[in-house]
Amino acid sequence: MKTYTFYVSGTHCASCKIFIEDTLNEQIGIDRASVDLKRETVSIDTTLDESQHRLAEILTEKIHHNGYSLSVEKKAGEKKDNGVIWQALPIGLAFLALFFLVQKSGVLNLGIGGQTTPVTSFIIGLIASVSSCLAIVGGLVLSLSAKVSQDNVSDIKTFVLFHIGRLVSFAALGGVLGAFGKAVGINFTLTSILGLLASIVMLLLGLNLVGVFVKNKIALPSGFFNFFRRIEHKTLTPLILGFATFFLPCGFTQSMQVSALGSGSFMSGLFLMLAFAIGTLPILALLSFGSASFAHGKHAPLFFKSAGVVVIGLGLFALLAGLAGLGIINPLFSI
Amino acid sequence: MNKIVSIILATVLVIGIGIVFFGQLKNNPGLNGVQTAQNVEIRDGVQYVTINARGGYSPKVSTAQANIPTKLVVKTNETYDCSAALVIRSIGYQKILPQTGEEIIDLGSPQSGTLQGLCSMGMYNFKINFN
């Protein structure tokens, strides 16, 4: 009988202790597993003859589905985290300041003369992707991408599916709008509510990326994150999310939807919305694939926290604006 | 990076963002005092309040007379942004305006008070004070 102590990561709630202890105690050859939440350690008695490193691997396999992992040494990354937030905060805020300054400057209110053609809607898409729409659509893409990369799911595949879902749904729904015209109305209140949901997701993910939930051991959202962890493995999820971005509140999208409505045929509506979606693609693709490459680089902790700050800022902006849009609160600002 | 430097930087940036958001509110009354005269006019007993919608609404605050027939004219000129998606909650109005054109909205004879218009995402707004 030997006694080992491992460091455990991912313990964010009191019930984690019970869960880990129960799971480990079920394993053959493991006795008396006990978790020390404060020190983030697990000690076990074992009759197995494996090395401590091998044991950490074996046991991690049993509990990593639930977001925990065991290691022999304390993970180096987590020690440095406290310092990183102080670098991430100004970086994130600088991005936010730049973003809002660009909005305020009016640079984006370019005039594009004449009728809306696929070419103009492509250009409008380019503008839209750096406009205030970025606060919702881009913020959501950034937060989801960073979270997916952080959890180390096959992120590239997920992003490709997301963008495909987005392009296909814009083309298809654009075609539907063109073909059926006024019969299909897109409800303002519905899009506003979707926008609110998106901003809440952004806030939660942003706080998670910054590490607030880890540090303060807030137990409440663990259900949310477990749910999230489960759905992000599915192939269909990124496709559906891409589809849903069609309905997110964005003035440019809505304005293009009206153009598609008025275009009068399936094909013209399809090309209008597809060209618009392709126009928004470069920035959104940069956000998601950029996240992936940062996430696997050595500045990953800094990237996640900076992205978290940006996402919280955009989420707050979208939330307050969305509540004002629904008439629940008075508008606090006008950019 | 030093922690103190970083806190100072962060504070400066927060103040900067604050100015972007709220700085304008203070300037508004003076600015609109000038514009009000131009965007409200009475023709044939009907009061027309004109608002330009593109990259936001201007003027942001207008003052008009209460209790006379009033029409709100919202002008769009190659407006693709959110300001084309107009919502006026108090009269239950919501519509995505044509990209270029004039939308005339009948307000009836508004009582004294404030009428507020927003874009559907909520980041742009305008107010008309009826006295």
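How many helices and strands does chain B have? Select chain B and color by secondary structure: there is one helix, and there are ten strands. Keep in mind throughout the tour that this is a predicted model.

**Stop 1: chain B as a whole**

Chain B has 131 residues, and 34% of them count as buried. Now look at which parts of the chain touch one another. Among contacts in chain B with a separation of 6 or more, 55% are between residues 24 or more positions apart.

**Stop 2: confidence in chain B**

The mean for chain B is 80, and 87% of its residues reach 70 or more. Where is confidence lowest in chain B, and where is it highest? It is lowest in α1(B), with a mean of 65, and highest in strand β5 (residues 70–76) of chain B, at 91. Select residues 26–36 of chain B next: the pLDDT there is below 50, and the stretch has ten contacts in the model beyond near neighbours in sequence. For the model as a whole, the scores are ipTM 0.70 and pTM 0.67.

**Stop 3: where chain B meets chain A**

Show both chains. In the model, 37 residues of chain B are in contact with 39 residues of chain A. Which elements of chain B give two or more residues to this side? They are α1 (3–39), β6 (85–88), β7 (93–96) and β9 (113–119) of chain B. The largest share, twelve residues, comes from α1(B). By type, the chain B side is made up of 20 nonpolar, eleven polar and six charged residues. Recall from the previous stop that α1(B) is also where confidence in chain B is lowest.

**Stop 4**

- Select B:Asp44, in the loop between β1 (40–43) and β2 (46–53) of chain B. Its phi is near 50°, a positive value in a residue that is not glycine. B:Asp44 counts as exposed because it has 6 C-beta neighbours inside 10 Å.
- Select B:Ser58 and B:Pro59. A cis peptide bond joins them, with omega about -10°. B:Pro59 is in the loop between β3 (57–58) and β4 (61–64) of chain B.
- Select B:Asn67, in the loop between β4 and β5 of chain B. B:Asn67 is not a glycine, yet its phi is positive, about 60°. Is B:Asn67 buried or exposed? It counts as exposed, because it has 12 C-beta neighbours inside 10 Å, and the cut-off for exposed is 12 or fewer.

**Stop 4: helix α2 of chain A**

Move to chain A and select residues 52–63. This is helix α2, with twelve residues; from first C-alpha to last it reaches 17 Å, close to the 16 Å expected at 1.5 Å a residue. Show the side chains of A:Leu55, A:Ala56 and A:Leu59, which are buried. Turn the view to look down the axis of α2(A): the buried residues fall within an arc of 100°, so they line one face of the helix. An α-helix has 3.6 residues a turn, so residues three or four places apart point the same way. On the other side of α2(A), A:His53, A:Arg54 and A:Glu61 are exposed.

**Stop 5: annotated spans of chain A**

An unreviewed UniProt entry carries the annotation "transmembrane region" for several spans of chain A, including residues 84–102, 158–181 and 302–329. Select two of them in turn. Residues 84–102 of chain A are 100% helix and 0% strand, with end C-alpha atoms 27 Å apart. Residues 302–329 of chain A are 86% helix and 0% strand, and their end C-alpha atoms lie 35 Å apart.

**Stop 7**

Select A:Val168, in helix α6 (residues 155–180) of chain A. A:Val168 is partly exposed, because 15 other C-beta atoms lie within 10 Å. Its C-alpha atom is 9.3 Å from that of A:Leu239, a residue 71 positions away along the chain.

Finish at A:His296, in the loop between α12 (266–295) and α13 (300–325) of chain A. A:His296 counts as exposed, because it has 11 C-beta neighbours inside 10 Å. The C-alpha atoms of A:His296 and A:Gln150 are separated by 8.8 Å, although the two are 146 residues apart along the chain.

How values were computed:
Residues are numbered from 1 along each chain as its sequence is written. Chains are lettered from A and ligands numbered from 1 in the order in which they are written. Helices (H or I, at least four residues) and strands (E, at least two) are DSSP runs, numbered from the N terminus. A residue is buried if 20 or more other C-beta atoms lie within 10 Å of its own, exposed if 12 or fewer, and partly exposed in between; C-beta atoms are placed from the backbone. Two residues are in contact if their C-beta atoms, placed from the backbone, lie within 7 Å. Ala, Val, Leu, Ile, Met, Phe, Trp, Tyr, Cys and Pro count as nonpolar, Asp, Glu, Lys and Arg as charged, and the others, Gly among them, as polar. The expected span of a helix is 1.5 Å times one less than its number of residues. The arc is that of the directions from the helix axis to the C-beta atoms. UniProt positions are given in the numbering used here, feature names are shortened, and annotations may be inferred rather than shown by experiment. pLDDT is the predictor's confidence in each residue, from 0 to 100.
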